Amino acid sequence: MTGDSTTGNRLRAEGLVLTYEDRTVVDGLDLEIPDGRVTVIIGPNACGKSTLLRALGRLLKPRRGSVLLDGAELARIPTKRVAQEIGLLPQTPVPPEGITVSELVTRGRQPHHKWWQQWTEADERAVGEAMDRTATGDLAERLVDELSGGQRQRAWIAMALAQDTDLLLLDEPTTYLDIAHQVEVLDLVRQLNRERGRTVVVVLHDLNQAARYADHLIAMKAGRIVAQGTPDEVITADLVHDVFGLASVVVPDPVTGGPLVVPGAPWQHG
Ligand SMILES: Nc1ncnc2c1ncn2[C@@H]1O[C@H](COP(=O)(O)OP(=O)(O)OP(=O)(O)O)[C@@H](O)[C@H]1O
Ligand SMILES: [Mg+2]
């Protein structure tokens, strides 16, 4: 599918209302996901980040408004077609019982198969590369249920990579990972974006990682977007206070020069 220049970015939402039965989580949200960029969504617990991501990935049907892919309402595009374009790693994915890592990663290829088609070289390559990039090769024959939290997280990321979609939505992909694996996964996200021009949307809690990896940063609070733009534009002490109720100072990151959030007001420690 090619982007339609008359309708802006490939993935966007208009007047989005997202509810769970009587609870309205998102009420009339407009959103553009910039093509070929890494967008990071930040915001406090329960503000609606996962709800929004699931709607963008068509796991949740909007009550009103719509998510648009290439100008067409996502709800009207066949499921398989959506899965060829958008990969979604939910916050707490549930593995099928008794599945091994290699079987899980292989499932990422399903949207690319026709019922008559055999396993192809392209499938083999995509699965191999996904497992290499996530260092899950050694875990191939292990049961997903029996992995550590971090190993399991990497297996799911491998599955999402094997799906090989232009749009990738990752809900807290660094949860459970030690600091080195967190950096590895975020570097991988950046590589996928730079090398393949993929559009990635990531939910992150670590503001400093968000500032480092985002081209476009979206700050949410209570189901609304309160600020968006470059990390430099969005990450200020006022924003951190407004969104998280946290006193902080924002200083230049000694490595990147971007914003670095240091919690606590200086006078509290004086
Ligand atoms: N399946 C569900 N049924 C009913 N309410 C839900 C469901 N999932 C989420 N909610 C509610 O919707 C609101 C937003 O939840 P959501 O999971 O989108 O938050 P979040 O921003 O991703 O939070 P976190 O940072 O904790 O992951 C919360 O009040 C939550 O309790
Ligand atoms: Mg969440």
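Two strands are said to pair if DSSP finds at least two bridges between them, and helices (H or I, at least four residues) and strands (E, at least two) are DSSP runs, numbered from the N terminus. The views below show a predicted model, in which local features need pLDDT of at least 70 and side-chain atom pairs count only at pLDDT 80 or more, while totals for chains, interfaces and linings use all residues. Residues are numbered from 1 along each chain as its sequence is written, and chains are lettered from A and ligands numbered from 1 in the order in which they are written.

**View 1. The open sheet of 4 strands, in the order S2-S1-S4-S5.** The pairing in this sheet is antiparallel. Strand S2 (23-33) and strand S5 (72-73) stand at the edges with a single partner strand each, so one side of each is left without a neighbour in the sheet. Helix H1 (residues 49-56) packs on the sheet and touches S1, S2 and S4, where contact means that the C-beta atoms of two residues, placed from the backbone, lie within 7 Å. The direction of H1 makes about 120 degrees with that of S1, with axes taken as lines fitted to C-alpha atoms, for helices over the stretch in contact, and angles running from 0 to 180 degrees between N-to-C directions.

**View 2. Strand S1 and its partners S2 and S4.** S1 and S2 pair in the antiparallel sense over 8 bridges, and Leu 16 has Leu 29 in S2 as its bridge partner. The hairpin of these strands has 2 residues between them, and in it Glu 21 takes a positive phi near 45 degrees. Strand S1 (residues 11-20) also pairs with strand S4 (residues 64-69), again in the antiparallel sense, over 5 bridges. Along this pairing, Ala 13 has Val 67 as its bridge partner, Glu 14 stands opposite Ser 66, and Val 17 stands opposite Arg 64.

**View 3. The hairpin of S4 and S5.** These strands run antiparallel and are joined by 2 bridges, with Leu 69 in a position opposite Ala 72 in S5. There are 2 residues between the strands of the hairpin, where Asp 70 takes a positive phi near 50 degrees.

**View 4. The open sheet of 6 strands, in the order S6-S7-S8-S3-S9-S10.** The pairing in this sheet is mixed, and its edge strands are strand S6 (86-89) and S10, each of which pairs on one side only. Neighbouring strands of this sheet are turned by 15 degrees against each other on average, direction ignored. S6 and strand S7 (residues 167-171) pair in the parallel sense over 4 bridges, with Leu 89 opposite Leu 170 in S7. Helix H5 packs on the sheet and touches S6 and S7, and its direction makes about 175 degrees with that of S6.

**View 5. The hairpin of S9 and S10.** Strand S9 (residues 216-221) and strand S10 (residues 224-229) pair in the antiparallel sense over 5 bridges, and Met 220 stands opposite Ile 225 in S10. In this hairpin, which has 2 residues between the strands, Ala 222 takes a positive phi near 45 degrees.

**View 6. Gln 209 in helix H7 (residues 207-213).** Gln 209 counts as partly exposed because it has 17 C-beta neighbours inside 10 Å, given that a residue is buried with 20 or more other C-beta atoms within 10 Å of its own, exposed with 12 or fewer, and partly exposed in between, with C-beta atoms placed from the backbone. Leaving aside its neighbours within four places in sequence, Gln 209 is in contact with Leu 186 and Leu 204. The C-alpha atoms of Gln 209 and Leu 186 are separated by 8.4 Å, although these residues are 23 residues apart along the chain.
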